[in-house]
Every structure is written in C-alpha cells, then in structure tokens.
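Hi,

Here is the structure you were waiting for. My notes follow below it.

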Amino acid sequence: MEPAAAAAAVAPPRVQALADAGVPLLPPQYVQPPDLRPLPPTDPSSVSVPVLPVVDLSAAGAAGVGDAVARACAEWGAFHVVGHGVRRGLLDAMRGAGRAFFGSPMEEKLRFACDPARGAAAEGYGSRMLANDDSVLDWRDYFDHHTLPESRRNPNHWPDFVPGYRVILRAYVKGLMECCCIIASILDTVVEYSNSMKDLAQKLLRIISGTLNVPPTYIEEAVGEVYQNITVSYYSPCPQPDLALGLQSHSDMGAITLLIQDDVGGLEVLKDGMWIPVPPLPDGILVILADQTEIISNGRYKSAVHRAIVNADRARLSVATFYDPPRSQKICTAPQLVCKEYPQKYRDVIYGDYVSSWYSKGPEGKRNIDALLIEQ
Ligand SMILES: O=C(O)CCC(=O)C(=O)O
Ligand SMILES: [Fe+2]
C-alpha cells in the first residue's frame with residue numbers, strides 16, 4: 001500500500017528498531033482487534049485451499065492466455081505471471097537493494113527518512129501508514145520511491161550508501177576539437193526496475209482490455225499519464241505475530257500493482273471470504289488489480305483485497321510497484337461495459353479525491369470503492 005507518511009508530525013518508532021531491541025511483547029498500538037487477527041494456519045490436507053492462478057505470458061497472444069487472465073481477474077483480482085520477459089537478475093537486484101537498505105545502520109537509513117511535513121507526497125523511509133492516531137499500526141517499515149513521470153524521480157532522495165542502488169556516472173568525452181561532450185549515465189537498479197515494471201504493466205493492461213472487448217489501449221488511456229511509485233516493505237520478526245498484521249486488509253487504490261517478494265511468505269489474498277496465502281515464486285511477479293480498474297471495468301473485474309501477516313523468526317521483504325492515474329484524472333466506467341444486464345456500478349471519480357478519502361478514512365478492505373457504489 002502506498003504510504004501516506006502523512007500523518008505523523010512526530011516520527012513513529014521504526015518497527016525494525018523495536019524488533020532489534022528485542023521487545024518481548026507486542027506494543028499495544030500494534031495489537032489488532034480479535035476479528036482482524038490472522039487465523040492459525042489450516043492443515044492443507046483437511047480442507048481444499050484454492051490456489052492463486054499462474055499465467056505464462058510467454059505465450060501472450062494465444063487464446064488460452066486471454067482466457068486465463070480474464071478468469072483470474074473476475075474470480076481473484078490477482079494472479080502470478082511467469083514468462084513475463086523481466087530478467088531474474090533484475091528482480092533479484094531490486095530485492096537485494098531493498099535488503100541492503102534495511103540491513104544498514106539506523107543512522108544511515110534515517111538520513112532518508114520521509115518528511116512528514118510533505119504529507120502524502122513524501123517519499124523515503126517511513127513506518128506509520130495512516131494519519132489517524134488511534135488506528136492500529138502495521139508491523140512494517142517501508143521505503144517509498146517516486147519513479148514516474150520521470151520529472152518526479154529525484155535520486156537524491158534515494159539511498160546513496162547501498163552499492164548499485166543509484167549510480168550516476170557522468171563521463172565527459174572530449175573530441176579532438178574539444179567541442180563534443182557526451183554525458184552518459186548508467187541505469188541504476190531502481191530506474192531500470194521502474195522502466196521494466198511500466199512496460200509490463202502496460203502489456204498486462206492491454207491484455208486485460210482485450211479480454212473486456214474494448215480497444216487494447218482503453219484502460220491505459222482511461223488512466224492517463226502513469227504515476228508510478230515503488231514501495232519496498234520490510235516486515236521485521238514480530239514478538240507476537242498472532243496478534244499483529246504486517247499490513248492491514250486493503251485493496252490498492254490505483255489501476256494495477258506488480259509485486260515481488262522474497263522466500264519468506266506472508267501475503268494473503270481474500271477469496272470468497274477466505275484468506276488464501278500467496279506463495280513466493282522467485283521468478284514470478286504477482287499482478288494485483290486495483291480499484292480504478294474495477295471502476296473502469298464496471299465491476300466485471302475485481303480489485304483484490306489483500307494483507308500481509310508476519311512471523312516470529314524471519315524478516316520479510318516485498319517490492320510493490322503501483323501504476324496509478326494522475327490526481328487530476330477523472331475515472332469513468334467504460335460505456336461499452338454498461339448495459340441493461342450490467343447497469344453502471346460506480347460513480348465517476350476524480351482520482352485525487354479518491355486518494356484523499358482513502359487516506360482520511362483508511363483502507364479496511366474495500367470500503368473506499370464501496371463508497372462509490374450506485375444504488376440499483
Ligand atoms: O508486502 C506485501 O506482500 C504486500 C504489500 C502491499 O500490499 C502494498 O504495499 O500495497
Ligand atoms: Fe497492497
């Protein structure tokens with residue numbers, strides 16, 4: 001979930017600092033009410049637990065791929081992709097950069113702390129997610145990057161002490177006449193990852209549009225210029241994981257999210273009222289449909305409700321890349337998808353208004369998109 005950093009005029013304690021100090025009990029602000037706590041793991045042999053679909057994109061264009069994507073979007077709002085064309089080395093480099101950041105001394109990390117005065121626009125190292133002081137806190141720290149449009153990229157806000165995280169090499173090559181000056185730059189991990197995730201998100205949005213029988217670029221155009229954020233989440237080992245959540249139940253607010261995680265596990269997706277674990281897939285990328293795609297598709301496709309649980313033994317890392325509309329964009333349901341059988345489900349909304357109300361009310365499942373429901 002994109003951090004609001006919003007809130008806290010006073011910096012909250014870093015979860016990692018609490019964990020490193022070895023607090024024996026979960027501090028009260030992190031204790032979830034009983035009905036929201038994670039359930040004890042079910043014995044997989046006693047119930048049949050549905051398995052999140054995996055779609056192989058290397059066969060994109062083949063009818064089977066479109067059918068599999070359509071089914072996953074309608075039934076889950078989430079699916080894994082493999083054969084996506086993003087090299088494994090880049091996924092590992094992004095995970096490695098995140099791990100190196102969170103493994104660094106606290107004073108280094110705090111040099112990149114997000115500035116609470118900048119509210120929801122803040123990027124950097126943070127912990128608290130919501131403005132509301134009486135809300136239960138997530139057992140999570142994060143690092144948020146603003147990555148698109150390119151004008152929002154400010155590598156000076158990104159860690160400079162992690163090798164490969166950001167490298168800006170300027171090579172001045174002077175020609176014989178000393179009149180030619182070439183400035184070359186090496187792509188750093190975050191920039192290369194940002195570009196690859198944008199391309200993959202657009203490829204997926206085209207496939208998804210195709211399955212809805214609207215022109216391939218329909219959703220992309222309905223979303224407008226892409227605003228992309230990349231958030232690395234770090235979930236420290238938790239002294240009482242059965243009482244806490246790493247990240248509370250929510251659906252993402254933009255158009256589509258692409259997520260990679262390490263091998264620890266902890267992400268869950270809500271399906272038919274049941275929390276289903278999403279197993280880590282080292283080569284895979286998890287696709288999560290977000291609220292604006294549900295609105296555009298007139299509810300044919302669902303944004304996925306998901307959350308992260310934590311454990312007592314191992315820290316967990318994930319990297320979420322959000323593909324969002326500009327705040328000024330008006331999001332409307334595709335008229336082609338409205339008919340007698342499927343009357344318009346959601347009111348049109350200015351994306352910036354959606355974001356503001358998301359942050360002021362908090363996520364809690366689908367409460368924000370539900371607020372746009374048109375009474376039938
Ligand atoms: O850490 C995860 O697996 C989930 C992250 C997430 O849902 C988010 O950042 O919106
Ligand atoms: Fe999320």
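Ala, Val, Leu, Ile, Met, Phe, Trp, Tyr, Cys and Pro count here as nonpolar, Asp, Glu, Lys and Arg as charged, and the others, Gly among them, as polar. This is a predicted model: local features need pLDDT of at least 70, side-chain atom pairs count only at pLDDT 80 or more, and totals for chains, interfaces and linings use all residues. Residues are numbered from 1 along each chain as its sequence is written, while chains are lettered from A and ligands numbered from 1 in the order in which they are written.

Ligand site. The shell around ligand 1 has six nonpolar, five polar and one charged residues. Among them are Met-1, Asp-252, Gln-261 and His-306 (near: C-beta, placed from the backbone, within 6 Å of the molecule). Strands S7, S9, S13 and S14 each supply at least two shell residues (strands: DSSP runs of E, at least two residues; helices: H or I, at least four; both numbered from the N terminus).

Sheet. Four strands form an open sheet in the order S8-S13-S10-S11, with antiparallel pairing (strands pair if DSSP finds at least two bridges between them). S8 and S11 stand at the edges with a single partner each, so one side of each has no neighbour in the sheet. Four bridges join S10 to S11. Glu-268 has Pro-277 as its bridge partner in S11.

Helix H8. Its buried residues are Tyr-351, Tyr-354, Val-355, Trp-358 and Tyr-359 (buried: 20 or more other C-beta atoms, placed from the backbone, within 10 Å of its own; exposed: 12 or fewer; partly exposed in between). Gly-362 follows H8, with a positive phi near 90°.

Best wishes
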